[in-house]
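Subject: Structure for you to look at

Hello,

I am passing on the structure we spoke about. Please look through it first; my notes follow below.

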Amino acid sequence: MTTAIRPPRTARLYVVCVGVGLLAGLMSGLFGVGGGTVIVPLLVLLLRFDQRLGAGTSLAAIVPTASVGVITYAIDGHVAWLPALILAAGAVGGAQIGTWLLPKLSQTALRWSFVAFLLAVIVSLYFVIPSRDAELELTWITGPGLAVLGVITGILAGLLGVGGGIIVVPALLLFFGTSDLVAKGTSLLMMIPTAVSGTIGNLRRSNVDLPAALCVGLAACATTAVGAQIAKAVDPFVANVLFSIFLVFIASQIAVKAVRGRHQR
């Protein structure tokens with residue numbers, strides 16, 4: 001097993017990590033995502049991290065970031081605790097299925113399928129405006145539904161390397177009729193055990209730059225609460241518009257990877 005090459009410890013590395021963390025924390029609090037979709041490409045682009053080291057470092061940084069986000073949303077009761085644990089349990093199991101399926105499926109086809117899914121979500125966000133009073137209650141229907149959603153999220157995370165938030169937040173909005181704030185708070189809570197589990201595995205494989213992860217994570221903590229407060233302050237429709245713009249960014253990233261993957265064949 002080859003150990004990922006780490007960039008030299010320079011002042012530039014820590015300055016960049018702080019900047020990346022501040023941006024990722026804002027996105028995490030605002031949209032209920034882990035921030036990995038911002039952290040990984042920036043670490044790769046600006047600091048020349050390889051993809052594995054960038055992903056592992058990002059996952060470790062998500063733990064403190066998501067924790068601050070959960071606290072901020074929980075203060076106003078915008079976290080569904082038990083549903084989040086059901087989602088997390090399904091995601092952890094699903095991730096194992098995803099990594100098992102990874103060598104058996106076409107990455108290009110999977111990426112284009114996921115782009116199509118994101119585009120459908122983006123369009124629907126302009127027609128489904130969540131109620132801020134809507135809760136996520138456990139019933140005989142929603143309980144199994146959350147478990148299935150968790151498994152699907154984990155499988156896609158294992159296959160595509162995407163974070164759970166960009167799947168869970170729109171799914172809770174569109175299929176469970178949840179408040180956008182509850183969806184975001186619950187999504188952030190779901191990520192914590194998943195990120196801890198993944199970080200333990202990455203540490204064993206030396207795929208985490210701990211000083212960089214600590215720097216990114218602590219910087220992100222400074223802006224996560226700000227992002228969450230902005231999410232609470234804006235109108236639900238405006239929140240949907242902002243989230244749709246973020247999803248366009250994610251979809252374009254995945255589309256670029258799909259095109260590059262096809263050309264490398």
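**What was found**

Valine 68 counts as partly exposed, because its relative accessibility is 22%; buried means under 20% relative accessible area, exposed over 50%, and partly exposed in between, with a 1.4 Å probe and protein chains only. This residue is found in helix α3 (residues 51–75). Helices here are DSSP runs (H or I, at least four residues), strands are runs of E of at least two, and both are numbered from the N terminus. Leaving aside neighbours within four places in sequence, valine 68 is in contact with Cys221, Thr224 and Ala225, where contact means heavy atoms within 4.5 Å. The C-alpha atoms of valine 68 and valine 20 are separated by 17 Å, and the two residues are 48 apart along the chain.

The model is predicted: local features need pLDDT of at least 70, side-chain atom pairs count only at pLDDT 80 or more, and totals for chains, interfaces and linings use all residues. Residues are numbered from 1 along each chain as its sequence is written, and side-chain values use heavy atoms, with hydrogens and water left out.

**The chain as a whole**

The chain has 10 helices and 0 strands. Its radius of gyration is 17 Å, close to the 18 Å that the globule rule gives for 265 residues, so the chain is as compact as a globular protein of that length. That radius is taken over C-alpha atoms, and the globule rule is 2.2 Å times the number of residues to the power 0.38. Along the principal axes, the C-alpha atoms fill a box of roughly 50 × 40 × 30 Å. Of the 265 residues, 52% count as buried. Among contacts with a separation of 6 or more, 85% are made by residues 24 or more positions apart.

**Helix α1 and its partner**

Helix α1 (residues 11–31) and helix α9 (residues 210–233) have axes that come within 5 Å and cross at roughly 35 degrees. Axes are lines fitted to C-alpha atoms, for helices over the stretch in contact, and angles run from 0 to 180 degrees between N-to-C directions. The crossing of α1 and α9 is right-handed; a crossing is left-handed if the near helix is turned anticlockwise from the far one by less than a right angle, and right-handed if clockwise. The residues of this contact divide into 17 nonpolar, 7 polar and no charged. For that count, Ala, Val, Leu, Ile, Met, Phe, Trp, Tyr, Cys and Pro are nonpolar, Asp, Glu, Lys and Arg are charged, and the others, Gly among them, are polar.

With 21 residues, α1 reaches 30 Å from its first C-alpha to its last, close to the 30 Å expected at 1.5 Å a residue. The expected span of a helix is 1.5 Å times one less than its number of residues. The buried residues of α1 include Leu13, Val16, Val20 and Phe31. Serine 28 also lies in α1, and counts as buried at 0% relative accessibility. Not counting residues up to four places away in sequence, serine 28 touches Val33, Gly34, Thr65, Leu188 and Thr224. After α1 comes glycine 32, whose phi is positive, near 75 degrees.

**Other helices**

The 19 residues of helix α6 (residues 142–160) should span 27 Å at 1.5 Å a residue, and its end C-alpha atoms are 26 Å apart, which agrees. Its buried residues pack against α4 (81–101), α5 (107–124) and α7 (165–175).

In turn, α7 packs with helix α8 (residues 180–204) at an angle of about 145 degrees, with their axes 9 Å apart. The crossing of α7 and α8 is right-handed. The residues of their contact divide into 7 nonpolar, 3 polar and 2 charged.

**Two loop residues**

Where are the residues other than glycine with a positive phi, arginine 48 and serine 206? Arginine 48 is in the loop between α2 and α3, while serine 206 is in the loop between α8 and α9. Phi is near 60 degrees in arginine 48 and near 60 degrees in serine 206. Arginine 48 is exposed, with a relative accessible area of 64%, whereas serine 206 counts as partly exposed at 30%.

Regards
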